[in-house]
Amino acid sequence: MARIRTGLQPLPWPYRIWRFLLVGWNFVVIYLGYKRIQKTPGLSEAERKARYRAQHRATGERLYRLAVRMRGLLIKSCQFLSSRADVAPPELVAVLSRLQDAVPPRSYGEVSAQVRRELGAGPEEAFASFEREPLASASLAQVHRARTHDGRDVAVKVQYAGISRVVETDLRSISLLIAILARIERKWDFRMLIGEMADYVPRELDFVAEGESAERVARELAHREDVRVPTIVWEHTARRVLTMEYIDGIKISATDELVAAGIDPNEVARIMMEAYCEQILVNGFFHADPHPGNLLVLPGPVVVFIDFGMSKHLPDDFRRTYNHFTLAVLSQNDSAMLKGFQDLGFRTRYDDPEMLVALGRSFFESAGPEQRPYADSEVVGEVNERLSQLLSDNPITEVPSDILLILRVLGLMSGLQKRLDSTVDVADTITPFAQSQIAAEAAGGS
């Protein structure tokens, strides 16, 4: 079972059991709600759709209440669902979107005590001013605006005390529930995702590592005037407190505000996609959490990347193979796609290439006949149904861990592209980056 190691004493057993039972009970209620609709005979298509919409809303409200009560990984998981406007039901997205920047904050007393433990001085001593009300509250920390003694406006990210132990408990609970689900519904096997989460969550709890990741991305994208990363203020940073330059931007998903500020949402979508192409295909190190709360926009437009707790380094061999695979998918070259899957490390139970080729085609088909830069909700169901049948006949047994966060980024970006009503041409945007790297590789080997 997936787990993380925090180096701290675990939570008391009664509290851990209570959290598991609460999560498990909600899991069962939600699952049975959907199964009840599936098994109800005699419903017309319109009636079934109406019941599903009501169930999506009820599921959203239940998950929202549970996440607010339990915090930790549950908030992060619900934030991910709310970011998938391209494929998640709109009723679910509408409810869970409240968690993007409306997570109930911790008390100022807790924040002050944590700052003192980490920086050796309370907020009023360490900073010239420190606002008691947070700018934003998230799953693992909250952010306060402050000013340094030398006059710099900063944002101070303070990790919740004891959150690492809560995360460890929730990860074990969710891992067990997902293992049970995989046995009940074989096509819903998310165990590999939980394994990857167990790897990256500890890094999110280390704010020094996060600051270093932010500086690396800033350094590697410094030539782009349309991308910005806040400067890290190291003299006020520790493992559980991160201080950075304060940037007052518009949330990337607030399209009405973007338009009112004279900013073209489609141009924002283009910059975001290009920045990720450069991070993944060229640099091999990327910001892996592009949900709406972590991307801001300034006039220009300039896209601001914040919160680098979830970042990923790609080995050079993997990155080179992924470039070839990307071009194969964009050109729908079945033989090249199959080779790419195999070279990346995908394996199926039976040595039959049909499943991997179908998976490669699905990336392309999900964009619909108009080839939108996001998944077309009208065709996703049909594509998923075909894939589910193939997966049940020949399941994927190995998925390279390096690919999972890339898939997460692609999914979150797809949701943002839809919110921005993007018309960016995916192939025209991605192809030059992949081709330039393949050409450089060929030149270097010649």
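A: First a term: helices (H or I, at least four residues) and strands (E, at least two) are DSSP runs, numbered from the N terminus. Residues are numbered from 1 along each chain as its sequence is written, and side-chain values use heavy atoms, with hydrogens and water left out. This is a predicted model, where local features need pLDDT of at least 70, side-chain atom pairs count only at pLDDT 80 or more, and totals for chains, interfaces and linings use all residues.

Q: Fine. What comes just after α2?

A: R71, which takes a positive phi of about 60 degrees.

Q: And α2 itself, how many residues does it have?

A: Helix α2 covers residues 45–70, 26 residues in total. From first C-alpha to last it reaches 37 Å, close to the 38 Å expected at 1.5 Å a residue. The expected span is 1.5 Å times one less than the number of residues.

Q: Which residues are buried in α2?

A: Among them are R48, H56, L63, Y64 and M70. Buried means under 20% relative accessible area, exposed over 50%, and partly exposed in between (1.4 Å probe, protein chains only).

Q: How many helices and strands are there in the protein chain?

A: The protein chain has 17 helices and 13 strands. Of its 446 residues, 52% are buried.

Q: What about contacts between residues at least 6 apart in sequence?

A: Of those, 69% join residues at least 24 apart. A contact here is heavy atoms within 4.5 Å.

Q: Which residue other than glycine has phi near 55 degrees?

A: Q332, and that value is positive. Q332 is in the loop between α12 (316–331) and α13 (334–344). Its relative accessibility is 26%, so Q332 counts as partly exposed.

Q: Which residues does a cis peptide bond join?

A: G300 and P301, with omega about -10 degrees. P301 belongs to the loop between β9 (295–298) and β10 (302–305).

Q: Last topic, helix α1. Is L21 buried or exposed?

A: L21 is exposed, because its relative accessible area is 53%. L21 lies in α1, residues 13–39.

Q: So residues three or four places apart in an α-helix point which way, and why?

A: They point the same way, because an α-helix has 3.6 residues a turn.
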